[in-house]
Each structure stands twice: as C-alpha cells, then as structure tokens.
Amino acid sequence: MKFTRIAATAAALLMAMPAAPAAAQDMSFDAYLQLLIARARAEGVSEATLQRMTADLSPNMRVIELDRDQPGTPTTSGYPPLAPYIARHVDRARISGGQREFANYRSALARIEREYGVPAEIVVAIWGHETAYGRVKGGFDLSQSLATLAWEGRRRELFSSEFVALMQVADKGYSRSELKGSWAGAFGNPQFLPSVYLRLAADGNGDGRADIMNSPVDALASIANYFRDAGWREGLSWGVRAYVPGGFDVDEYRTKIVAPTCSRVHERHSVYKTVAEWRALGIQPQIPLAQDTLVTLFQPDGPGTSAYLLTSNYRVILEYNCSNYYAMSVGLLADEIAR
C-alpha cells in the first residue's frame, strides 16, 4: 500500500495504537454504512451520488485481510539492502517507459514544469512508480474498500474520512466504475487518496476537470501540484552521488534528531551540512552543487558502497511515500529518464 502524505502521517500515529475491536462485534456493516452516508450527506454530498455509490454495498473480507496483514511498528535493527531494490525498480523497462512517456507528453510536461516549478522527469518517475505509467491502477471498488475499512475499525477515523471524501469526488460527476483503485483507497494514475484529490488534483489539459483516472496530463499536473504544495524548491536537485573516502565513519555524523513521523527513514541520514563543509571532510559530490547547499549524507548499504548527498527536495519525495527505498528509486529513475 502506498500512502500519500495525509495517509502516511495518520497511519504512523495510528499503527502505534492497539487495534480497535472488530466492528462486526458492535455494529453490523449495514448499520455502520448508514452512519457513513449520514456523515457524507451532512457534508453536502447529493442523494443521487450517495445512492449510486452505495447501492448493494457489502463488506469485502479480502480488504480486511490485507489491512490486518500490514506490518506493525518495526524494530530498529537491520535494513534490507538498497541496491537490489534499485535494480528491480529502476530497470530498463521502467526507464524506457519513462523516456517514452516523457517524449509523448513533452509539450505538456514543459508547461507543467514552468507552472509548478517541479522537474518533468520527477513527475514522470512518480507516475512510473505508482502505476507503471497508468497500466496498473488497481481494481478494487473504492466505495466498498473504504466503507469496509472504516467499519472494520482498526483505522476508523482515517478511512471514514476518506469514504466521505470519495463521495465528494463522485459528486463531481465520476461514475462508480471509474472510481476503482487500491484496496486501501488510493486511485488514478498518481494513486491519490480521495482527500488528497480534493485538495491537490489539478486540471492539466484545461477541460475544466481534474481527471486523474483517465487523463495523463491531469495526473502529471496533479503530481506537480502535490510536490509544489509539499515545498519543492525550484532549481535544486533531489540529490547527487558522492565519493566517500576509505575509513570515513559515516556513523559519527548520524543525525540525533528523532523525526515525529517516518523515524526509521530519517534515522539513517546524517546531520545536515553545507556542501563546502562536507568537502572539507573529504566527501565529494560527483555532480556540482552550490557550496552553500545544505545536504545530508546517506550511504545505505554501508562502507564502500554507493553514497549520496541529499537535499531538502529529497524530503519532498518522502512526503509522497515515506520510504528511503521509494524516494531513492524515484530520484534515480528521474535521472535516467532525463539522460
């Protein structure tokens, strides 16, 4: 499951809490669905939309199984190596697919980059990672999935809010058959949750609709809008490969800050120093960066392996998916697409 920013924050907080009792023990699905419908109605969703989006709804037990199979809070010992993950996710098929889509939408991407200040290759790389450039968007009925997850109760407030948001998306004229996606509620080319769609989906082709399901240009503009909203700094790389001299103790510079969310992601990074300060310690960026740029040193697979200097824009990628594996593969795929 790929949580976007709003879901990742909520999930990180809620996964540390004890699981709620199964909703089936305190309320039937049909009864709980009526509560969801009443909440959506109170927030302005039309009766016609509520009827077509909730007709004949029943719980999807497969969705409950998938939700309960999610890992709990991880331990602090050990990390899988990054290199094999990169080899699988930044492969020839994904690179060539990204270059093809970059060429297909070159003029639209140039316009999107000018408007939002986010590099076109980053936007295309996100599209590639999320849905293989629109080929794998998920086939779960979102009404059923979100109602089921809200009823189940393990993360009730998160999913009941997303159910209401989905009804508001549908109220814009989208059919139930169009609103399909992952079992956890993410949908469309960029795999937005409904609440993220309502806040950040953009009309990239000028037809008056932000159709992230059917319009790649709308999806690309929406991804760029997400990144701009998350604080992407125009003209700054996400990061560069770096040379680390033999014997250099990266752990000596490990950050002591405990991040409130995604703590395992950030605990692997060093303190922030300027490029000039890292150079004075023998760390050399392999692609030029301004000397006053603040960067963190990341050598995920240990001494003698690939190392990177990461800028604040790397953290923006983490806002999309809170994983070093994901963020590194997006950055490296974007670099290959742009070659």
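Two rings of Phe, Tyr or Trp (for Trp, the six-membered ring) form an aromatic pair if their centres lie within 6.5 Å; the pair is stacked when the planes are under 30 degrees apart, edge-to-face when they are over 60 degrees apart, and tilted otherwise. The structure is a predicted model, in which local features need pLDDT of at least 70 and side-chain atom pairs count only at pLDDT 80 or more, while totals for chains, interfaces and linings use all residues. Residues are numbered from 1 along each chain as its sequence is written, and side-chain values use heavy atoms, with hydrogens and water left out.

## Aromatic rings and charges

Under the ring rule, the model contains 15 aromatic pairs. One of them joins F248 and Y253, which are stacked at 5.4 Å centre to centre with 10° between the planes. A residue is called buried under 20% relative accessible area, exposed over 50%, and partly exposed in between (1.4 Å probe, protein chains only). F248 counts as buried because its relative accessible area is 17%, and Y253 is buried because its relative accessibility is 17%. Elsewhere, F192, Y226, F227, W232 and Y320 make up one aromatic cluster.

Charged groups also face rings. A charge sits over a ring if NZ of Lys or CZ of Arg is within 6 Å of the ring centre and within 35 degrees of the ring normal. The charged end of R156 is placed over the ring of Y32, 4.8 Å from its centre. R268 lies over the face of Y79, at 3.9 Å from the ring centre.

## Helix α7 and its surroundings

Helices (H or I, at least four residues) and strands (E, at least two) are DSSP runs, numbered from the N terminus. Helix α7 spans residues 106-116, and its residues A108, L109, I112 and Y116 are buried. Seen down the axis of α7, the buried residues fall within an arc of 95°, so they line one face of the helix; the arc is that of the directions from the helix axis to the C-beta atoms. S107 and R114, on the other side of α7, are exposed.

Contact means heavy atoms within 4.5 Å. The elements covering the buried residues of α7 include α6 (92-104), α8 (120-131) and α12 (216-230). After α7 comes G117, whose phi is positive, near 75°.

Helix α6 holds G98, which is buried, with a relative accessible area of 0%. Leaving aside neighbours within four places in sequence, G98 is in contact with V124, Y133 and I337. The C-alpha atoms of G98 and T274 are separated by 32 Å, and these residues are 176 residues apart along the chain.

## Nonpolar cores

A nonpolar core is a set of buried Ala, Val, Leu, Ile, Met, Phe, Trp, Tyr and Cys residues joined through side-chain atoms within 4.5 Å. The largest such core has 89 residues, and those with the most contacts inside it are L179, F227, W238, I317 and M328. Helix α16 (residues 324-338) gives the most to this core, with 9 residues. Not counting residues up to four places away in sequence, M328 touches L82, I86, W238, F298, Y308, L310 and Y314. A second, separate core of 14 residues includes V240, V244, V275 and A307.

## Paired strands

Two strands pair if DSSP finds at least two bridges between them.

| Strands | Residues | Bridges |
|---|---|---|
| β4 and β6 | β4: 272-274 | 3 bridges |
| β6 and β7 | β7: 307-310 | 3 bridges |
| β3 and β7 | β3: 239-243 | 4 bridges |

Strand β6 (residues 294-298) is largely enclosed by the rest of the structure, because 4 of its 5 residues are buried. Within β6, T296 is the bridge partner of Y272, and T296 also stands opposite L310 in β7. F298 stands opposite Y308 in β7, and R241 likewise stands opposite Y308. From β7, A307 and L309 point one way and Y308 and L310 the other way, and all are buried.

Strand β3 contains A242, which is buried, with a relative accessible area of 8%. Apart from residues up to four places away in sequence, A242 touches I283, Q284, P285, Q286, A307, Y308 and L309. A242 and R155 are 87 residues apart in sequence and 41 Å apart in space, C-alpha to C-alpha.
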